[in-house]
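Please look at the sequence and the 3D structure before reading on.

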Amino acid sequence: MFEPKILNLEIWRRLTRPGAQLPHALLFAGPPGLGKRELAEALAARLLCERPREAFEAACGECDACLMWASGQHPDFRLLQPEASEEEEGAGTPEGEKKKASKQIRIQQVREIEAFFFVGAHRSGARVCLIDPAEAMNAVTANALLKILEEPSPSFYFLIVSHQWRRLLPTILSRCRRIMFSRPQAEAARNWLAEQKLAKGARWLPFFGDAPLAVAEAERAGRLKALEAVIQDLMKPQEPLALAGRWENLVKAESTLGMEELVIAVQKWLFDLALCAIGASPRYLPAQADALQSLAKRASLPALIQVQRQLNTLRGLANHPLNPRLFLEDLCVRAFSPLAP
Ligand SMILES: [Zn+2]
């Protein structure tokens, strides 16, 4: 027997235990980075696998269906997620801005699922539609999906991921069995990271809200390295204008940090400084407690709190600053302002 290498084995076991009947629609709900998509994919693969599966077992990974799944070509699987559309790409975006994927699942995508649903299986087994995230559907799109959810079909499964399930229509919620994902125990999170050959990422778990998949995603996108550099910069207070220049390069570089994430990193650093200033332990950067504590000796607590508030405003502007360089200079000046020289 082999189980998939996923974070939430207890949920997997619940869904695949002997005699378990999967409902027509499952909703995987909880904060991002906790492995909802990962589990949904493992479950989809198991449903599509054409070899008999024992309780708890993952897909075999070897049959024709599994090979098609692995190549992303299984005809009875559909993934519904926001995708970059022709109209949105380029149109109206300032020069130099990276192309952004749409944040919405479009009505046309749901119509295609409808056709897929009513046409029948290509192979003899199950059909699966994975939706990620469900909150990317507006009311019109969600109502189109509802029409399909209302038609029960014994071999058709909806696996729906949501980071903000409270925002979903009650009519959608009432047709899904909700599975709540919670933050893993520290040890389970570290083990999972080690399995992904990301053991070093464990020190970033508190920064990412104890969500190991968020750490892994940041590492794979090259953002962890950039964040490491930002935190190192903050630990050595320096000339703000020069620092702004370096950070501008970081933000411009391919597949690294976004401007908003940069502001959030500064906020977390300030928050930890404030904790150290009142004699508490840092929450987001516990691995850097020593450096934070020695910096905190130079910090003014009222100023830390005031800058934290100012940064909340800055964060709202972070995705569309009029002038990125000036924005970063402002951010750097404020970040170091609570520290006495
Ligand atoms: Zn298989």
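## The zinc site

Along the chain, the donors of the zinc ion follow the spacing C-x10-C-x2-C-x2-C. The model is a predicted one. In it, the protein donors are the SG atoms of C49, C60, C63 and C66, which lie 2.3 Å from the zinc ion. The angles among the four donor atoms run from 106 to 115°, and the site is tetrahedral.

Several of these cysteines can also be described by their accessibility. C60 and C63 are both buried. C66 has 6% relative accessibility and therefore counts as buried, because buried means under 20% relative accessible area.

How many disulfides does the count come to? The count is zero disulfides. A disulfide requires a pair of cysteine sulfur atoms within 2.5 Å.

C129 has 0% relative accessibility, so C129 counts as buried.

## The second largest pocket

The second largest pocket holds about 240 Å³ of space. Its lining is made up of L15, T16, R17, A20, Q21, L22, R46, L47, E54, A55, A126 and Y157.

Which helices each supply at least two residues of this lining? They are α1 (9-16) and α2 (36-48). By residue type, the lining of the second largest pocket has seven nonpolar, two polar and three charged residues.

Technical notes: Residues are numbered from 1 along each chain as its sequence is written. This is a predicted model: local features need pLDDT of at least 70, side-chain atom pairs count only at pLDDT 80 or more; totals for chains, interfaces and linings use all residues. Side-chain values use heavy atoms; hydrogens and water are left out. On a 1 Å grid over the protein atoms alone, a cavity is a set of points where a 1.4 Å probe fits but cannot get out, and a pocket is an open set with protein on both sides within 12 Å along at least five of seven lines; lining residues have an atom within 4 Å of a point. Grid points are joined across faces, edges and corners, and a volume is the space filled by probe spheres set on the points. Helices (H or I, at least four residues) and strands (E, at least two) are DSSP runs, numbered from the N terminus. Ala, Val, Leu, Ile, Met, Phe, Trp, Tyr, Cys and Pro count as nonpolar, Asp, Glu, Lys and Arg as charged, and the others, Gly among them, as polar. Donors are N, O and S atoms within 2.8 Å of the metal (3.2 Å for Na, K and Ca); water is not among the atoms, so sites may look incomplete. Four donors count as tetrahedral if all angles lie between 85 and 135 degrees; four count as square planar and six as octahedral if opposite donors are over 155 degrees apart and all others between 65 and 115; anything else is irregular. Buried means under 20% relative accessible area, exposed over 50%, partly exposed in between (1.4 Å probe, protein chains only).
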